[in-house]
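Hi everyone, thanks for coming. Please have a look at the model on the screen, and then I'll walk you through it step by step.

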Amino acid sequence: MTQQISTEPIIELRHVDKHYGDLHVLKDINLTVHKGEVLVVVGPSGSGKSTMCRTVNRLETIDSGEILIEGEPLPQEGRELTRMRAELGMVFQSFNLFAHMSILQNVTLGPIEVLGMKKDEAEARAMELLARVGVAEQAAKSPAQLSGGQQQRAAIARSLAMHPKAMMFDEPTSALDPEMINEVLDVMVELARGGMTMVVVTHEMNFARRVADRVVFMADGQIVEEGTPAEFFDHPKTQRARDFLDSIK
Ligand code: ADP
Ligand code: MG
């Protein structure tokens, strides 16, 4: 979908390995996401997709290898880590809004606390973003008063308020009722069109076909295949990918 992808790497994983006890959950993962690129990650449940996303934000540590954000190693802790996390927007399956705050407060919290923005400025910007994702009218409500689709769109607005360098989506529509899936995917399509660098773990294959610049297929902790959507969906190279594609038809 992206008209022009730069050669500037935003996220790089180099020889990343991770275990959970005896489980080798990430096996020599090598992946580069370039500025403006939309990378869709697919694969069977348990293949390590979420773990990989979480390592990029250092929500999970790695055993070996390197993760670079704009060419710089991931900060280990402290202020630098907080800032870096803010710069990589993360949207999860469960909406993760703060339940005791209004939608508006959810969106202004990071800009005020982390970016040091003034309250009025943060609120004005938040209202623009809420309008952009179609939930401006819900700004004063608490998350529980919104539908799942509205909550997920508000969560996207909250991430965008931090001016992220890239957005990571981990199955953002998996917990939604079917009629709400498209309203969230539409927001993501618009973001992609606007040139946002995106990593999207999803089972929405129509979205992947339409929006991905590149599809990565993971199985058993490894990147088994990668290619354009046409290459991957129409001409999968491995039996594992063919089996996976058959299983989701
Ligand atoms: P996916 O997102 O592709 O479904 P995950 O990254 O969630 O896969 O999980 C990969 C594997 O790691 C699974 O076998 C899962 O049970 C295991 N796993 C995930 N998180 C943990 C954890 N915190 N502790 C132990 N095992 C985990
Ligand atoms: Mg997962």
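Let me start with a term we'll need: a residue is called buried when its relative accessible area is under 20%, exposed when that value is over 50%, and partly exposed in between. Keep in mind, too, that what you see here is a predicted model.

Find D28, which lies in strand 2. Is D28 buried, exposed or partly exposed? Its relative accessibility is 41%, so D28 counts as partly exposed. The backbone of D28 deserves a look as well: its phi is positive, about 50°, although D28 is not a glycine.

Now go to H15, a residue of strand 1. H15 is another non-glycine residue with a positive phi, in this case near 50°. With a relative accessibility of 48%, H15 counts as partly exposed.

Next, the sheet that these two strands belong to. As a reminder, strands of a sheet pair through backbone hydrogen bonds, either parallel or antiparallel. In what order do the four strands of this open sheet come? The order is 2-1-4-5, and the pairing is antiparallel. Which strands stand at the edges? They are strand 2, residues 23–34, and strand 5; each has a single partner strand, so one side of each is left without a neighbour in the sheet.

Let's walk through some of the pairings. Strand 1, residues 9–20, runs antiparallel to strand 4, residues 64–69, and five bridges join them. If you'd like a pair to find on the screen, take D17, whose bridge partner in strand 4 is S64. From strand 4 we move on to strand 5, residues 72–73; these two are also antiparallel, joined by two bridges. Here I69 has E72 of strand 5 as its bridge partner. Strand 4 and strand 5 make a hairpin with two residues between the strands, and in that hairpin E70 takes a positive phi near 45°.

Let's turn to strand 3, residues 38–42. How many of its five residues are buried? Five of the five are, so strand 3 is largely enclosed by the rest of the structure. You can check this face by face: V38, V40 and V42 are buried on one side, and L39 and V41 are buried on the other.

And the partners of strand 3? One of them is strand 8, residues 198–201, which runs parallel to strand 3 and is joined to it by four bridges. There, V38 stands opposite M198. Strand 9, residues 214–219, is also parallel to strand 3, again with four bridges. In strand 9, V215 is the bridge partner of V40.

Now for some helices. Two packed helices are described by the angle between their axes and the distance between the axes. Our example is helix 4, residues 119–132, with helix 5, residues 148–160: their axes come within 9 Å and cross at roughly 140°. Angles over 145 degrees would count as roughly antiparallel, and 65 to 115 as roughly perpendicular. Helix 4 and helix 5 are therefore oblique to each other. Their crossing is right-handed. Which residues make the contact? From helix 4 they are R125, L129, L130 and R132, and from helix 5 they are A154, A157 and L160. Sorted by class, that contact has five nonpolar, no polar and two charged residues.

While we're here, please find Q151, which is also placed in helix 5. Q151 has a relative accessibility of 14%, so it counts as buried. What does Q151 touch, leaving aside residues up to four places away in sequence? Its contacts are F95, L97, P143 and L146.

One last stop: D177, in the loop between strand 7, residues 166–170, and helix 6, residues 178–193. At 43% relative accessibility, D177 counts as partly exposed.

Definitions and conventions:
Residues numbered from 1 in each chain as written. Chains lettered and ligands numbered in written order. Predicted model: local features only at pLDDT ≥ 70, side-chain atom pairs only at ≥ 80, totals over all residues. Heavy atoms only, no water. Pairing = 2+ DSSP bridges. Axes fitted to C-alpha atoms, helices over the stretch in contact; angles between N-to-C directions. Parallel < 35°, antiparallel > 145°, perpendicular 65-115°, else oblique. Left-handed = near helix turned anticlockwise from the far one by under 90°. Contact = heavy atoms within 4.5 Å. Nonpolar A, V, L, I, M, F, W, Y, C, P; charged D, E, K, R; others polar. Buried < 20%, exposed > 50% of the residue type's maximum accessible area, 1.4 Å probe, protein only.
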